[in-house]
Amino acid sequence: MAVLLVDNFSIFELAVPCEVFGIDRSDIAAPWYDFKVCALQPAPLRSSMGFSLDTVYGYEDLTTADTVVVPAGYRADGYPPEAVDAVQEAHANGARVLSLCTGAFLLAEAGLLNGRRATTHWMHAEEMARLYPQVEVDPRVLYVDEGDVLTSAGTASGIDLCLHIVRCDYGAEVANAVARRMVVPPHREGGQAQYVDLPVAASSEPGDDPLSRVLGWMIEHLDEPLSVEKLARRAHMSPRNFARRFRAVTGTTPHQWLLSQRVLLAQRLLETSDDSVERIADRCGMGTAASLRFHFQRAVGTAPLAYRRTFRSADAAG
């Protein structure tokens with residue numbers, strides 16, 4: 001796991017991969033990532049806040065890594081040519097490449113996003129679409145996973161993408177454990193729309209918003225049939241108003257949000273319990289094993305039992 005350090009780097013987006021991947025978490029999953037911060041320019045490199053950093057790792061460490069992370073570091077005059085070359089070479093060598101925030105501009109400059117869907121901070125999405133018309137820029141989402149190339153939206157969504165990487169590599173339970181140590185949600189639904197669109201009107205007391213209470217209640221009752229009508233009654237709204245406000249806050253529909261939460265719960269139960277697929281389907285509110293298999297395959301890319309075998313084997317090996 002190599003992180004690219006460029007001049008004018010963003011502190012937060014550099015710190016996120018250092019926190020998620022760089023800290024030794026072999027007590028959670030072993031082996032953990034072999035992590036390196038790599039500089040391609042003469043040291044020291046200056047941050048966007050003015051202070052400087054140095055590192056002993058360089059070009060070869062980055063181009064031979066299995067995963068390359070490109071933090072934000074966008075400048076009007078673009079990225080240095082050596083950074084573009086290094087990312088291209090790493091990808092050609094088989095590396096998985098991911099960008100945080102405006103790091104997507106470097107991936108686009110390197111041609112890695114041509115013909116692909118990608119995202120960046122919503123404030124820069126229009127500029128990216130203009131500069132790189134061959135890229136399908138989606139400003140609504142928190143991150144986009146195209147397999148070997150992944151991009152995240154602005155600032156804190158870098159945490160979402162890095163935890164997604166952990167989830168892909170080690171499973172939901174390990175990603176959840178890392179999230180708990182970081183004191184952040186293990187998985188946020190929706191997208192940047194929840195930060196761009198008008199928020200739900202503030203209530204008189206923090207946490208007293210009816211939609212916030214309903215979201216918490218939904219998590220605790222995933223095993224029950226939850227229609228928009230039923231949820232709207234709990235929020236004391238009409239179904240139409242509830243659905244509209246739900247999308248404005250979460251960036252997705254109640255149905256899709258519930259489906260994602262149920263799949264995440266199924267992942268956790270497959271990793272940590274001996275329940276049958278039928279029992280897990282019931283506990284997740286999927287109704288039938290066939291329904292669970294369909295939605296799980298669609299969301300995760302593999303069947304529930306294959307997922308269980310993979311991550312139970314990984315746990316045993318660790």
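User: What share of the 318 residues in the protein is buried?

Analyst: Buried residues make up 49% of them. This is a predicted model. The protein has 15 helices and 10 strands. It exposes about 15100 Å², and carbon and sulfur atoms supply 52% of that area.

User: Why is Arg 96 called buried?

Analyst: Its relative accessible area is 17%. Buried means under 20%. Arg 96 is therefore buried. The other residues of strand S6 (residues 96–99) are buried too.

User: Which way do the side chains of S6 point?

Analyst: Arg 96 and Leu 98 point one way, Val 97 and Ser 99 the other. In a regular strand the side chains alternate between the two faces of the sheet.

User: What makes Arg 96 and Asp 169 a salt bridge?

Analyst: Their closest N and O atoms are 3.0 Å apart. The cut-off is within 4 Å, between a side-chain nitrogen of Lys or Arg and a carboxyl oxygen of Asp or Glu. The pair meets that rule. Asp 169 lies in helix H6 (residues 157–170) and Arg 96 in strand S6, so the pair ties together parts that are 73 residues apart in sequence.

User: Is Asp 169 buried, exposed or partly exposed, and on what value?

Analyst: Partly exposed, at 31% relative accessibility. The class runs between the 20% and 50% limits.

User: What is the distance between the closest N and O atoms of Asp 61 and Lys 36?

Analyst: It is 3.4 Å. With the cut-off at 4 Å, the pair is a salt bridge. Asp 61 is in helix H2 (residues 59–63), Lys 36 in strand S2 (residues 36–39), and 25 residues separate them. Asp 61 has a relative accessible area of 24%, which makes it partly exposed. Lys 36 is partly exposed as well, at 23%. By this rule the count comes to 10 salt bridges.

User: What is the strand order of the open sheet of 6 strands?

Analyst: The order is S2-S1-S5-S6-S10-S9, with mixed pairing.

User: Why are S2 and S9 called edge strands?

Analyst: Each pairs on one side only. The twist averages 20 degrees from one strand to the next.

User: How do you know that S6 pairs with S5 and with S10?

Analyst: Pairing needs at least two bridges. Strand S5 (residues 67–70) and S6 share 4, in the parallel sense. Strand S10 (residues 149–152) and S6 share 3, also parallel. Val 70 stands opposite Ser 99. Leu 98 stands opposite Leu 150.

User: What makes S1 and S2 a pair?

Analyst: Strand S1 (residues 2–5) and S2 have 4 bridges, in the parallel sense. The requirement is at least two. The bridge partner of Val 3 is Val 37. Helix H1 (residues 11–22) lies across S1, S2 and S5, at about 160 degrees to S1.

User: Why is Met 49 called exposed?

Analyst: Its relative accessibility is 63%. Exposed means over 50%. Met 49 is therefore exposed. This residue lies in the loop between strand S3 (45–46) and strand S4 (52–53). Ile 11, Met 49, Phe 51 and Leu 53 form a nonpolar surface patch, with about 360 Å² of accessible area together.

User: What makes helix H7 (residues 172–182) mostly covered?

Analyst: Of its 11 residues, 8 are buried. Among them are Ala 172, Val 174, Asn 176 and Met 182. H7 is followed by Val 183, whose phi is positive, near 60 degrees.

User: What percentage of contacts between residues at least 6 apart in sequence join residues at least 24 apart?

Analyst: The figure is 63%.

Terms used
Residues are numbered from 1 along each chain as its sequence is written. This is a predicted model: local features need pLDDT of at least 70, side-chain atom pairs count only at pLDDT 80 or more; totals for chains, interfaces and linings use all residues. Side-chain values use heavy atoms; hydrogens and water are left out. Buried means under 20% relative accessible area, exposed over 50%, partly exposed in between (1.4 Å probe, protein chains only). Helices (H or I, at least four residues) and strands (E, at least two) are DSSP runs, numbered from the N terminus. Contact means heavy atoms within 4.5 Å. Accessible areas come from the Shrake-Rupley method with a 1.4 Å probe; for residues, only the protein chains shown count as cover. Patches are made of residues with over 30% relative accessible area and no salt bridge: like charges are joined within 9 Å, nonpolar side chains (Val, Leu, Ile, Met, Phe, Trp, Tyr) within 5 Å. Axes are lines fitted to C-alpha atoms, for helices over the stretch in contact, and angles run from 0 to 180 degrees between N-to-C directions.
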